[in-house]
Amino acid sequence: MKVLVIGGDGYCGWATALYLSNRGFEVAILDSLVRRHWDTEIGVQTLTPIAPIQQRIQRWKDLTDKSIDLFVGDITNYEFLQGALHKFEPNAIVHFGEQRSAPFSMIDREHAVMTQVNNVVGTLNLLYAMRTDFPDCHLVKLGTMGEYGTPNIDIEEGYITIEHNGRKDTLPYPKQPGSMYHLSKVHDSHNIHFACRIWGLRATDLNQGVVYGVLTEETGMDELLINRLDYDGVFGTALNRFCIQAAVGHPLTVYGKGGQTRGFLDIRDTVRCIEIAINNPAEPGEFRVFNQFTELFSINDLAAMVKKAGTALGLKVEVENFANPRVELEEHYFNAKNTKLLDLGLQPHYLSDSLLDSLLNFAVKYQNRVDNQQILPKVSWHRK
Ligand code: NAD
Ligand code: USQ
């Protein structure tokens, strides 16, 4: 089966492209490499030194004798996108290719507009290209658990059955996202749902939680295949950041009270979830939503676990409550369902001491690359 991985130079996309290639899928990567540019724009770098995409792919070929095609370009450019699709003719498209940082989207008007245009127009172009020439192709789109926000009721997988004035229907679950980035994912979900309802396309929206970890079987095979690992206040995410902070002796940056609860998953489960979605495609006209996380943790839970694991490794780990740069609930109910991927065979890697040890050791190995000035958050949700 031919799978196009859009955003295949990024954190989730690179791991997924190699994983699928290793399992015998014919893989192509499409990426504009804009993420590398955004890092440069705000003056940050991944903890791990990542090789140029062409070198990464060549190294993979040398090691495994498996080829990965490469299309460098932007999916907001419709002609480029159409050209790539016609050249590769995918059976499934995995779409990771978006601006994915909530803080980046909240820097100012320009970054909000850029995030929403990049994400919404890119996905719309993809839907139109599929409608025109590849109506049978299965779209596997990365959404986010943050589309739902933190409602005071259980979160279902995409839809909720409601009784109203004596009548009953199953409708899209209400969305209350917390950043301009998360909002862009809601807009995408609506557009994809429309394309399935009206044009009969088939799509799976994977509402993914926060991903942690860096090593997968494939990215660990060689230094040149190493994945990115972001720790800065803009692109770094909670657990990855905490491990790197612990490694360099920076207090763990809990925002506000730390009762914020989110869904989390190991990057080794991200890649497996994608494979499961591809192997079990949605039906024509079906807009399927899976909640893609394996465990729920509060930020305080994570900080306590990293402190314990770091202390056991001989690190001096402090936890500090910083003024929350975001506007979000810091103590709330959060109970999200996640049974659909498990029913299709996902066997989770639960967060363990060994994972934390390996992530902490990894962070210690590359600690000299950490710029301490980039750790604290600089982007605020609050009106000045
Ligand atoms: P990333 O920034 O590491 O990778 C995204 C890749 O997409 C980059 O290589 C970038 O160059 C490319 N890209 C962006 N816009 C593009 C465009 N218009 N055309 C072509 N390429 C483009 O991000 P990631 O962490 O790998 O996230 C991948 C996807 O998964 C995103 O859609 C994100 O919203 C979603 N997601 C990520 C997480 C997480 O914790 N990392 C959690 C939930 C969902
Ligand atoms: N947080 C801290 N301290 C930190 C970093 C974050 O307390 O140093 C808190 C935030 O305030 C927030 C929570 O941790 O309450 C999660 O923040 P995050 O930066 O780890 O993740 P988020 O901004 O939600 O975004 C990340 C990815 C995004 C993805 C999302 C999944 O960048 O692409 O969509 O996780 S989810 O959170 O489920 O929506």
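These are my notes on the surroundings of the two ligands in a predicted model.

**Conventions.** I number residues from 1 along each chain as its sequence is written, with chains lettered from A and ligands numbered from 1 in the order in which they are written. In this predicted model local features need pLDDT of at least 70 and side-chain atom pairs pLDDT 80 or more, while totals for chains, interfaces and linings use all residues; side-chain values use heavy atoms, without hydrogens and water.

**Ligand 1.** I looked up the shell (residues with a heavy atom within 4 Å of the ligand) and found 27 residues, with Asp31, Arg100, Asn118, Tyr181 and Lys185 nearest. I then went through polar contacts (pairs of N or O atoms within 3.5 Å). The side chain of Tyr181 places an N or O atom 2.6 Å from an oxygen atom of ligand 1. A nitrogen atom of ligand 1 lies 3.2 Å from a polar backbone atom of Ser32. Ligand 1 has 830 Å² of accessible area on its own (Shrake-Rupley method, 1.4 Å probe), and the protein covers 98% of that.

**Ligand 2.** I counted 23 residues around ligand 2, and Thr144, Tyr181, Ala238, Thr253 and Glu328 are the closest. For oxygen atoms of ligand 2, I noted 2.8 Å to a polar backbone atom of Gly146, 2.9 Å to a polar backbone atom of Tyr255, and 2.8 Å to a side-chain N or O atom of Arg326. The protein covers 95% of the 730 Å² of accessible area that ligand 2 has on its own.

Key: Polar contact = N/O pair within 3.5 Å; in protein donor to acceptor, adjacent residues only side chain to side chain.
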